[in-house]
Amino acid sequence: MTVPPLPVSLSRRRFLELAGRGAVGTALLAGFWPTLAAPARGQATRPDETMLPTPNFSPSQVLRYVAGIRPYRKKSIRLELEPIEGRALVHNYGHGGGGITMAPGCAEEVAQMLAQAGVEPTDVAVLGGGINGMTCAHDLLLLGHRVTIYSDKITPNTTSDVAGGQFGPSFIRFGEGDEAQARADRMMVASYRRYIRLLGDEWGVYERDNYGVGEPHGSLSRLPDGLLPPVKLFDRLPFEGDLRPGYMYRTLLITPPIYMPRLLKEIKSLGGRAVRRKFSSLRSVMKLREKVIVNCLGLGAGKVMDDPAVTPFRGQLVHLKPQDLPYLLIGSGYIFPRPDAVVLGGTMERGVISTRPDKAMCKKILERNRDFFVPSGEASDDS
Ligand SMILES: Cc1cc2nc3c(=O)[nH]c(=O)nc-3n(C[C@H](O)[C@H](O)[C@H](O)COP(=O)(O)OP(=O)(O)OC[C@H]3O[C@@H](n4cnc5c(N)ncnc54)[C@H](O)[C@@H]3O)c2cc1C
């Protein structure tokens, strides 16, 4: 049986070609937006009556404090096929703070690498049950492979379950040069297209307006041109009493506590299996019987693959009770209102591997996000 062709992803160049030929309708359907024009400040300032609601930050709203470790890899994610002892070992790890964003695109690259190496549908071992392992398992099952996930933890106990879930490549490196950038763009477009197809409560994927202060910055600038609808600039942000200029772009929010179990259910319905297994080294991996191995061990890849480039970047979050807030906000930290919780975040601690939340720091996260909404000069005593 031959491997069926994978969905074609649009590169930036391909998109511009399509736009030039007037074929943007096709691009639009594919989740790709045609307007590449720079926005003008003050174009679309919201009138006061449509001010956005302020979150309730009172202590009674706090559900929990959470800490997770972003599996960052210096210089670049590792996404390559390594032939080893007559087997194909495909590495897919080091996604830092952008693994939710990149997982579908990376899984498509993995499948492409195997297809290009002439691998016919066979028994595949996927190492790791985070979003990258599960997405690879899912895609390979669809291509006719028989897949077993080997992992010491699975949803809801992986780093992927902890993520905020915004679509944006934060704290992730793709390597240097045009080729690396083109590959990163291709993967981001593929991911975006996949998530757009999964919009809705079943998978916990939503479109959201994301607001920020000042000029557009951060992971937005790393997304391929034209992937998201055009950014809007505001003379003042649409929050009560806020006089700061800012911007808004429409992006995606993926809810890991919904998406992860839904993906596992899908894998099982396709015949995939998940087996509890802990690996201590490459030698222990090589005891597996499968001839094709896909390594999605995240932070664990550092030790198992003896890769010193893997570096932990801890992030801490405060979960508030769910609130009806129809936006995301990058202000003094970030606020991602999801169906399960309002997620407050914005910390990065290099080299810290403890997943025990630091209470003092979590309180700071809450205060910083709350103070974003307090016009300067006003005191607040609700926490
Ligand atoms: C606070 C925080 C906020 C984040 N927010 C976002 C966001 O908004 N958007 C975004 O795109 N990304 C975000 N991320 C990043 C994202 O969570 C990660 O990039 C992503 O989860 C990495 O997925 P993964 O599958 O590669 O790794 P993981 O989810 O860590 O999965 C690795 C798997 O390998 C298994 N494993 C590891 N070592 C071994 C071993 N030795 N033996 C057996 N099994 C092993 C683990 O049990 C696990 O199942 C955030 C991360 C944090 C911490």
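C106 is buried, its relative accessible area being 0% (buried means under 20% relative accessible area, exposed over 50%, and partly exposed in between, with a 1.4 Å probe and protein chains only). The model is predicted, so local features need pLDDT of at least 70 and side-chain atom pairs count only at pLDDT 80 or more, while totals for chains, interfaces and linings use all residues. Residues are numbered from 1 along each chain as its sequence is written, and side-chain values use heavy atoms, with hydrogens and water left out.

View 1. C106 takes part in no disulfide; the nearest cysteine sulfur belongs to C136, 7.7 Å away. C362 is likewise buried, with a relative accessible area of 0%.

View 2. An N or O atom in the side chain of T101 lies 2.7 Å from an oxygen atom of the ligand. From I131, a backbone N or O atom is 3.2 Å from a ligand oxygen atom. A polar backbone atom of F279 is 2.8 Å from a nitrogen atom of the ligand. The ligand taken alone exposes 1000 Å², of which the protein buries 95% (Shrake-Rupley method, 1.4 Å probe).

**View 3. The shell around the ligand.** The ligand is surrounded by 38 residues, the closest being G96, T101, D152, S160 and F279 (a residue is near if one of its heavy atoms lies within 4 Å). The shell divides into 12 nonpolar, 21 polar and five charged residues, with Gly counted among the polar ones. Its largest share, four residues, comes from β1. Elements that give two or more residues include β1 (62-73), α3 (99-116) and α4 (131-142); helices (H or I, at least four residues) and strands (E, at least two) are DSSP runs numbered from the N terminus.

**View 4. Helix α4.** Of the 12 residues of α4, 11 are buried, so the helix is largely enclosed by the rest of the structure. Among the buried residues are I131, C136, H138 and D139. G144, which follows α4, has a positive phi near 100 degrees.

Terms used
Polar contact = N/O pair within 3.5 Å; in protein donor to acceptor, adjacent residues only side chain to side chain. Disulfide = S-S within 2.5 Å.
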